[in-house]
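Open the structure in a viewer and keep the sequence to hand. The stops below go from strand pairing to the core and then to the charged side chains.

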Amino acid sequence: NTNTFELERISGPSQIAASEVVAGDWYKNGNTTYNANAARQQILIDTANLDTHSMLSSNTVVIQTPGIYEIGAQAYFSGANIVSGGLYSVLVTKTTLGGTVLAGAESRASAAGAVTSCTATGIRSLVTGDILYFAVSSNQNHSASTITVDGSTTFLTKISVRRLGGI
């Protein structure tokens, strides 16, 4: 008396496994000029250095699977309109541009026209469908009406996410 059992996989997994790498690193290809006195202005990311699960959508990052994520953002402010002592910020927000800040940091310019870099990190619990926005701000009263965020090189101004584990 012989019993047999056969199992055949006919397609790939329909869900992202808990151990699967979920990560991305995106930037805006080229410089962005924004209003120097605005609280938050979105940087419209359009290019992926890495995107394991096609998370880039309409200049935002859309989370494809729940988990605990490390979030990073960096902005490189440059140009003649940088104000000595001016405060420059980089942010990643959730749901809307004005939504909850997931990662944020600010830096003061050391001199007029001085390149100012800002790097932010955070670890947050995110769920499928969460939308992340990449933004900058300068909340000082500037004599200049615009500031340049440098996107001339892929590593200067960017956003990244990496899932640390499932939830």
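Select Val-61 and look across to S11, where its bridge partner is Leu-132. Strands here are DSSP runs of E with at least two residues, numbered from the N terminus. This is a predicted model, in which local features need pLDDT of at least 70 and side-chain atom pairs count only at pLDDT 80 or more, while totals for chains, interfaces and linings use all residues. Residues are numbered from 1 along each chain as its sequence is written, and side-chain values use heavy atoms, with hydrogens and water left out.

Now select all of S11, residues 131–137. Of its 7 residues, 6 are buried, that is, under 20% relative accessible area with a 1.4 Å probe and protein chains only; exposed means over 50%, and partly exposed lies in between. For landmarks, find Gln-41 opposite Val-136 and Lys-94 opposite Leu-132.

Leaving aside neighbours within four places in sequence, the contacts of Leu-132 include Val-61, Lys-94, Leu-102, Leu-126 and Val-161.

Next, colour the largest nonpolar core, which has 31 residues. A nonpolar core is a set of buried Ala, Val, Leu, Ile, Met, Phe, Trp, Tyr and Cys residues joined through side-chain atoms within 4.5 Å. Val-61, Ile-71, Phe-77, Leu-132 and Val-161 touch the most other members. Two or more residues come from each of S7, S8, strand S9 (100–108), strand S10 (116–126), S11, strand S12 (146–149) and S13. S7 gives the most, with 5 residues.

**Salt bridges**

Side chains of opposite charge can pair when their charged atoms come close. The model has 4 salt bridges, each a side-chain nitrogen of Lys or Arg within 4 Å of a carboxyl oxygen of Asp or Glu.

- Select Lys-158 and Asp-25, which meet at 3.4 Å, N to O. Lys-158 lies in strand S13 and Asp-25 in strand S1 (residues 23–27), so the pair ties together parts 133 residues apart in sequence. Asp-25 is buried at 12% relative accessibility, whereas Lys-158 is partly exposed at 24%.
- Go to Asp-46 and Lys-28, whose closest N and O atoms are 3.5 Å apart. Asp-46 lies in the loop between S3 and strand S4 (47–51) and Lys-28 in the loop between S1 and strand S2 (32–35), so this pair ties together parts 18 residues apart in sequence.
- Pick Glu-70 and Arg-162, which meet at 2.7 Å, N to O. Glu-70 is in strand S7 (residues 67–78) and Arg-162 in strand S13, so the parts tied together are 92 residues apart in sequence.

**Arg-163**

Finish at Arg-163, in strand S13 (residues 158–165).

How values were computed
Helices (H or I, at least four residues) and strands (E, at least two) are DSSP runs, numbered from the N terminus. Two strands pair if DSSP finds at least two bridges between them. Contact means heavy atoms within 4.5 Å.
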